[in-house]
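Subject: Structure handover, salt bridges

Hello,

Here is the structure I said I would pass on.

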Amino acid sequence: MKAVVIRRFGDPDGLEVVDVPAPDPAPGQVRIATEAIGVGGVDAVIRRGTLAAYGFQEGHLLGSEVAGRVTAVGEGVDAAWIGRRVWAFTGLSGGYAEQAVASVADILVLPDGLTGADAVTLGGSGVVAHFALERAHFTAGETVLVRGGAGSIGITAVQLAAGRGAGAVAVTTSSATRGDRLRDLGATHVLARTGEGGPDTPAGFDVVIDIVAGPQLPLFLDKLNPNGRYVAVGVVGGQPPADFGTRLIDAFRRSLSFATFSSDTVPGPDRQAVRASQFADAAQGDLRTVVHEVLPLDQAAQAHREMDAGQVFGRVVLAP
């Protein structure tokens, strides 16, 4: 089968399409013939070699979420799964392939009316957006800033915050056109990537959800209201300055909070319950997904070039 591996850490040209044997499902796993493969920010971070210290090596097969039809099951898995269309989390590898394996605990039947592309756009990002707002103890009436609003996590966070009664939902993005699209999804204020906004922009925010991090993170800590909560859910812009915590100490009397959040810390059944609810909402049109484009699997490098260039609004999806 065809798969995409990291032949060399660095730019997207280091990705290579290779032929590898189809995986056999281990006990407790299923094998899926993929119809849609999500291309996420974490894939780009791994590709660059940023996480090499965590055990990722050249030769790594990228991809963490897929949608498709179950074609085989491992020992201990009900054969009734065969033939069902599912969304699946494959871990942090194995998704960029014509066939993938996943634990039966990490798959979910797709509702009628939800495409595979929509599923991999929402499946991982929607859960992060939901629980990030919970981690921030967000309540109706509070002001929220989503830093990096044009990606799939940001797009979902905007909708969830607006739907739960936020007093204002601001976003950072790179262009007026993207800002208009985010307003259509529920944003009330659009800021530049550096945080500058119009005269009506709130002076501060109760909650910041940050997908970007990077060297400018301290500037956004300064935008927190007293008792404000900052939740970092990604590092697509790179690591923040090593001393960014001094910003919190300098603002000691404002009682600010900073947290990181990974959905890995949420119990699996809780993740699946939220995901199932969001899939149902999306199938009914109550939660919108934004698929930037669908590319063939062998154009994975092009998908990563577009992400690196900041050209993606929503999510790029690969199709075998």
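The notes below cover the salt bridges. Please keep in mind that this is a predicted model.

In total, the structure holds 12 salt bridges.

Arg305 and Asp13 form one of them, with 2.7 Å between the closest N and O atoms. Arg305 sits in helix H8 (residues 300-308), while Asp13 belongs to the loop between strand S1 (2-6) and strand S2 (15-19), so this pair ties together parts 292 residues apart in sequence. Arg305 is partly exposed at a relative accessible area of 36%, and Asp13 is partly exposed at 47%.

A salt bridge also connects the side chains of Arg85 and Glu35, at 3.0 Å from N to O. Because Arg85 lies in strand S5 (residues 85-89) and Glu35 in strand S3 (residues 29-39), the pair ties together parts that are 50 residues apart in sequence. Relative accessibility is 22% for Arg85, which counts as partly exposed; Glu35, at 36%, counts as partly exposed too.

Asp222 pairs with Arg247 in a salt bridge whose closest N and O atoms are 3.0 Å apart. Asp222 is in the loop between helix H5 (217-221) and strand S12 (224-232), and Arg247 is in helix H6 (residues 245-250), so the pair links distant parts of the chain, 25 residues apart. Asp222 is partly exposed, with a relative accessible area of 39%, and Arg247 counts as partly exposed at 31%.

Regards

Conventions
Residues are numbered from 1 along each chain as its sequence is written. This is a predicted model: local features need pLDDT of at least 70, side-chain atom pairs count only at pLDDT 80 or more; totals for chains, interfaces and linings use all residues. Side-chain values use heavy atoms; hydrogens and water are left out. A salt bridge is a side-chain nitrogen of Lys or Arg within 4 Å of a carboxyl oxygen of Asp or Glu. Helices (H or I, at least four residues) and strands (E, at least two) are DSSP runs, numbered from the N terminus. Buried means under 20% relative accessible area, exposed over 50%, partly exposed in between (1.4 Å probe, protein chains only).
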